[in-house]
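Reader: Got a model up on my screen. Can you walk me through it?

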Amino acid sequence: MIKFWSYDREYKKYKKIILKNIDKTINRGNIFFGDQIRNFEKNFIKKYKAKYGIAVGSGTDALLISLKTLNLKPGDEVITAANTAIPTISAIINAGGKPKLVDIREDYLIDVTKIKKAITKKTKAIIPVHLYGQMCDMDSIQKIAKKNKIVIIEDCAQSQGAKFKNKFSGTFGKFGCFSFYPTKILGGYSDGGFILTNDFNSFKKIKRIRFYGIETVEKTKFKNKYYANENGLNSRLDEIQSSILNFKLKKIDDFIRRRKQIAKDYISKLSSTNLKLPLENMNNNHVYHLFTVYHPKANIIKRNLDKLKIHTRTIYPYPIHKMKAYSKIIKNKKNLKNSEKKSRGIFCLPLYPELKKKEINKVCFSLKKILKKI
Ligand SMILES: Cc1ncc(COP(=O)(O)O)c(C=O)c1O
């Protein structure tokens, strides 16, 4: 069986170090806000060349906390792509905003030529989603945002380590939001997230919102642990997860190198087929969180692969406006045709650093055989 994703091989490889770190962390006596989160935050900020940043409970919370700093009023709109993950949208709504969807291009990223049309007097922010490991056209997005005085919050849940014109994802907008969900490029062994920012006041605010609205004086020390300066929430990254992520952060360049190598292998082996392979844009370092292919008969192909015990996933099978939870809120449904078309024909092949050469060969060999028959 070739699993779509699995952490057991990684765990086997690093088990000793991970367990030692966990043991050390518990013995130190801090479950929250100790050395581990402090070190992790410091290393993460340094790695991605940002000024400030905080670790939070999940990628969804990273988006929600960033959006909360905007104090959205009823009717305020936030633009994002129609093919994004559900949490991008739930964060907008839970922060009091209204999602405004824009269609996508052939590379599955927001169509920047269609953003202007979506902007109204109520538009307060835009969330470019760097889906599958590749960044959106940040030159155009920055120009549009500046001209229309709207805030950029980058959704980097799938793009940790990716670059646009040699600059890291998460450092273009006012906030860069990351996820450490286990399948992600930097995956924890539970939930986790991060917010990067270069703005000091925003940094102070996200730090308060992360922990019940309580003011911190320096690092993670609290001015008055039982006094809220504003209404916040509880979104802590615990010490155990911080210790695991801190260790894995040191390995991230190797993880990405291996992901890119696997993608290259898939591309060279599948380029003779009629599958639509991922498009890599110029000036873009694609980190291949996912290897997404398109074929009009995707469902038949997936079923046949499944019979051969090769697991694939469709990320994502429903554009946001097609779901019951959001269909009534989204008004501009007619202009989202490409997102709809792609959602019907995409599927993702197994891709994670521990995937073996013989497994990649088997996926490609089986795919080619199936494609010849259908
Ligand atoms: C594009 C995107 N945004 C946001 C999230 C939310 O991250 P988390 O699962 O850590 O809350 C995800 C994770 O699935 C994602 O893929």
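This is a predicted model: local features need pLDDT of at least 70, side-chain atom pairs count only at pLDDT 80 or more; totals for chains, interfaces and linings use all residues.

Reader: Which residues of helix 9 and helix 13 make the contact?

Author: Helix 9 uses Ile 262, Asp 265, Tyr 266, Lys 269 and Leu 270. Helix 13 brings Ile 360, Cys 364 and Leu 367.

Reader: At what angle do helix 9 and helix 13 pack?

Author: About 30 degrees, with their axes 10 Å apart. Helix 9 covers residues 252-270 and helix 13 covers 357-373.

Reader: Roughly parallel or roughly antiparallel?

Author: Angles under 35 degrees count as roughly parallel, so helix 9 and helix 13 are roughly parallel to each other.

Reader: New topic. How is the chain divided?

Author: Into domain 1 (9-249) and domain 2 (252-373). Their C-alpha centres lie 25 Å apart. The contact takes 31 residues from domain 1 and 31 residues from domain 2.

Reader: Which elements supply the side of domain 1 that touches domain 2?

Author: Helix 1 (8-28), strand 3 (98-102), strand 6 (163-164) and helix 8 (239-249) each give at least two residues. Strand 3 has the largest share, three residues.

Reader: And the largest nonpolar core? Which members touch the most others?

Author: That core has 91 residues, and Leu 67, Ile 126, Cys 177, Ile 195 and Leu 351 touch the most other members. Domain 1 and domain 2 each put in at least three residues.

Reader: What is Ile 195 in contact with, leaving aside neighbours within four places in sequence?

Author: Its contacts include Ile 54, Val 56, Ile 65, Phe 175, Cys 177 and Ile 206. Gly 53 and Gly 176 are also among them.

Technical notes: Residues are numbered from 1 along each chain as its sequence is written. A nonpolar core is a set of buried Ala, Val, Leu, Ile, Met, Phe, Trp, Tyr and Cys residues joined through C-beta atoms within 7 Å. A residue is buried if 20 or more other C-beta atoms lie within 10 Å of its own, exposed if 12 or fewer, and partly exposed in between; C-beta atoms are placed from the backbone. Domain bounds come from an automatic or database domain assignment. Two residues are in contact if their C-beta atoms, placed from the backbone, lie within 7 Å. Axes are lines fitted to C-alpha atoms, for helices over the stretch in contact, and angles run from 0 to 180 degrees between N-to-C directions. Helices (H or I, at least four residues) and strands (E, at least two) are DSSP runs, numbered from the N terminus. Angles under 35 degrees count as roughly parallel, over 145 as roughly antiparallel, 65 to 115 as roughly perpendicular and the rest as oblique.
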